Amino acid sequence: MNAPVDVSFFPRHAKPLSSYRKFWAARFGIAPFLPMSRDEMTQLGWDSCDIIIVTGDAYVDHPSFGMAVIGRMLEAQGFRVGIIAQPDWQSAEAFKALGKPNLFWGVTAGNMDSMINRYTADRKIRTDDAYTPGDVGGKRPDRAAIVYSQRCREAFNGVPIVLGGIEGSLRRIAHYDYWSDKVRRSIVVDAKCDLLLYGNAERAIVEIAHRLSRREPIEQITDVRGTAFVRRSDDATRLGWFEIDSTDVDVPGVVEPHLNPYQTTSEQAAEQGSTCAKANAENEVASIDTKTIATSAIDISATGQKGLNITKLPTSQPITFMHNPALPTRVGKQVMPPRERTVIRLPSYEQVKSDPVLYAHANRVLHLETNPGNARALVQAHGAGATARDVWLNPPPIPLTTPEMDLVFDLPYARAPHPSYADEHGSHDHATKIPAWEMIRFSINIMRGCFGGCTFCSITEHEGRIIQSRSETSILKEIEDVRDKVKGFTGTISDLGGPTANMYRLGCKSPEIEAACRKPSCVYPGICQNLGTNHDPLIQIYQRGRALKGIKKILIGSGVRYDLAVQSPEYVKELVQHHVGGYLKIAPEHTEQGPLSKMMKPGMGTYDKFKTLFDKFNLESGKKQFLIPYFIAAHPGTSDEDMMNLAIWLKKNGFRADQVQTFYPSPMATATAMYHTDLNPLKGIHRDDRAEKVDVVRGEKRRRLHKAFLRYHDPNNWPLLREALKTMGRADLIGNGKHHLIPTFQPMTDGSYSSARRKNSTVSDATPLKPMRLGNSPKPGQLLTQHTGLPPRATGKAPPKNFNNHRPR
């Protein structure tokens, strides 16, 4: 196999994870599972834990679970790490189970934001939780990071609290909270943590752990990238920074004075308190040359020598002026301080809470400062007077190199839930099954990051735009580990991907351009000319993986970025002919340019190109496989007409969506800023007509309408759609022909919505509607059951005559 090679183009200026000297407790060795009880600690020979991780998820020792990655990484550094998973938060007693941590608490709400985990997009409580044994809901509190931090402080006051996870990452500054419908403070302030680690935290947590082990006060650890903390105005560590005030918009910049045409350059410089270095240098050189020639002439007359070779006399040399890196630099006419010592002051919490324009502005600045190569520190004031403090955000963490990614994924994970979750038969497959683990049980994560920049997605805000890829050797080794060690493996790898299926080893062709780039997306509005789109390394992994002994099939469960895939027909061929299990999910998200431009997604022309390749290679392989497109309802920038056109497209192409995805305003996302402010941060923020307004879908009735358009085939939605179509002047879409969207008749329904997740379905209290026959009755089989437009399961019965009208094309 090939040796691990760092294929990332991004320049790394960070201490390697493997270069730290191990902590003395490394002598205890590796734990089969990180302990969750005193008994387990005793079996390992521990008298205490150096670090205790409190998490809102059940403990699964697998590299797809954050607490396992951080815990195993700290263990590899020599620290004793314990886990308190889903503790009873009603008191601090459960947080004392492992005793007092020697160094710090590590707190995380889990792999999901606790509010998103608990509530649907319609703010209804979920009854299930995929990260809990038995899929039982209610095992973690709302805003778990805040609650856990408070209980940790109650349990052992004085122990530093280091907060991490996606809930902390997405709430690191003042943010709009969809569930309370208001702007909340930074979670650093609400949780009262000592440090917040945002993004992938391996690099930061290792450095912090070693510095705390050397008894360095946590208050002095203010220089670690990827961290946020509270700074008081009297903090000495804030000295030496250049602050850029960005607390307002449409404020005139510095007005430069008019030059006096009658002054020389030297006089102008002297008037400003400086000197004209070029003019002074020329005068000095001229003076030196005159003196040199005069001296030479004296020497000649004194010695009587003749025929002196003048070319050997000293000649004038240009003077080179070197820039002092500690001083500001000039970009054009604007003086810019050094980026590494620059902090941008965002509008304060009080400002963004009361002013939507400044909220959108702060969101735009935050997203512009996300490239580790050029991002500057950010600071946001919270409070006034005696309670005034600044939330300080250091620049994002440096992405991991390929060897470091291999180190993280090659740690000794048990790849199973903790034994305490097993049922009476010692199994994790029945009553105590953890659905999230079941989903990734036989999957392989090959990379991190996403440069798509979709405005509704939180992956970029958490993992960054720089793709961090594992080596082929490490990936194939993990496939073999799953084959040989994971109970229940039948020969099929369920996924070989990551946040996106096909961004493995893709990145900018130039490290200089990558380090300087401030674009929010590498693929919108089109694929950047500097982006490498070679899929050959990924194709090779697919081929080598499926050639391994004992591997029957490798499926691709991660979403395929089809605008990248069409750049490599060879990749599409490999994917379609060997790695699709009947259905392949992709995410056009919409068909209309209005919402697509607010999502930063490609148009349907790219989807059509991919579908052409998909169908071509399906035909060549003799397989019947289908694309499953995903769409979002009620996204900012979506009009009622946009949803109507999407519904027409769905019917024309034979798709019937069962599970409908409604826009969910997650904290800190750009689309959430649009939802809250009615402004588009992608186009620049102003207080006048230059700012682009966004049509935002609010209110239960309009959100229901947009969902109804996606489920145009559901009889429960037909009354609402008929009313809307008549209001929109499109009554021509109501009828019983194939070209109509909905029929004129109304069958008996109870008004309820039944989804695949029936526990969260809404049952109507309304009386069932009586059957209506306003036109010709439908032919037998014309109204199919609610499915995705795919062929029904084989039941031995003949399909309806018009079945082909509902197959995806």
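The following paragraphs go through a predicted model, from its overall make-up to single residues. Because the model is predicted, local features need pLDDT of at least 70 and side-chain atom pairs count only at pLDDT 80 or more, while totals for chains, interfaces and linings use all residues. Residues are numbered from 1 along each chain as its sequence is written, and side-chain values use heavy atoms, with hydrogens and water left out.

The protein has 25 helices and 25 strands. Both are DSSP runs numbered from the N terminus: a helix is a run of H or I of at least four residues, and a strand is a run of E of at least two. Of the 809 residues in the protein, 53% are buried. Buried means under 20% relative accessible area, exposed means over 50%, and partly exposed lies in between (1.4 Å probe, protein chains only). Contact, here and below, means heavy atoms within 4.5 Å. Among contacts between residues at least 6 apart in sequence, 75% join residues at least 24 apart.

Helix α12 (residues 402–409) is largely enclosed by the rest of the structure, because 6 of its 8 residues are buried. The buried residues of α12 are Thr402, Glu404, Met405, Asp406, Val408 and Phe409. Their cover includes the helices α2 (66–76), α7 (202–213) and α15, together with the strands β17 (443–445), β18 (447–448) and β19 (468–469).

Helix α15 (residues 472–485) also pairs with helix α17 (residues 536–546): the two axes come within 10 Å and cross at roughly 30°. Axes are lines fitted to C-alpha atoms, for helices over the stretch in contact, and angles run from 0 to 180 degrees between N-to-C directions. The angle therefore makes α15 roughly parallel to α17. Angles under 35 degrees count as roughly parallel, over 145 as roughly antiparallel, 65 to 115 as roughly perpendicular, and the rest as oblique. The crossing of α15 and α17 is right-handed. A crossing is right-handed if the near helix is turned clockwise from the far one by less than a right angle, and left-handed if anticlockwise. On the α15 side, Glu472, Ile475, Leu476 and Ile479 meet Gln540, Ile541, Arg544 and Gly545 of α17. These residues divide into 4 nonpolar, 2 polar and 2 charged. Ala, Val, Leu, Ile, Met, Phe, Trp, Tyr, Cys and Pro count as nonpolar, Asp, Glu, Lys and Arg as charged, and the others, Gly among them, as polar.

Helix α17 is also part of the cover over helix α19 (residues 569–578). Tyr571, Val572, Glu574, Leu575, Val576 and Gln577 are buried in α19, and their cover also includes α18 (562–565), β23 (583–589) and α21 (604–621).

Asp640, Met643, Met644, Leu646, Ala647 and Leu650 of α22 make the contact with Arg702, Leu705, His706, Phe709 and Leu710 of α24. The division in this contact is 8 nonpolar, 1 polar and 2 charged.

Ile434 sits in the loop between β16 (416–417) and α13 (435–440). Ile434 is buried, with a relative accessible area of 1%. Leaving aside residues up to four places away in sequence, Ile434 touches several others, including Ala58, Val60, Tyr131 and Pro417.

For Cys508, the nearest cysteine sulfur is that of Cys528, 6.3 Å away. Cys508 is buried, at 12% relative accessible area. For Cys517, the nearest cysteine sulfur is that of Cys522, 5.9 Å away.

Some backbone angles also deserve a look. Most residues other than glycine have a negative phi, and most peptide bonds are trans. The bond from Tyr524 to Pro525 is cis, with omega near 5°, and Pro525 lies in the loop between α16 (511–516) and α17. Met600 has a positive phi near 60° and is buried at 5%. Met668 has a positive phi of about 80° and counts as buried at 3%.

Terms used: A disulfide is a pair of cysteine sulfur atoms within 2.5 Å.
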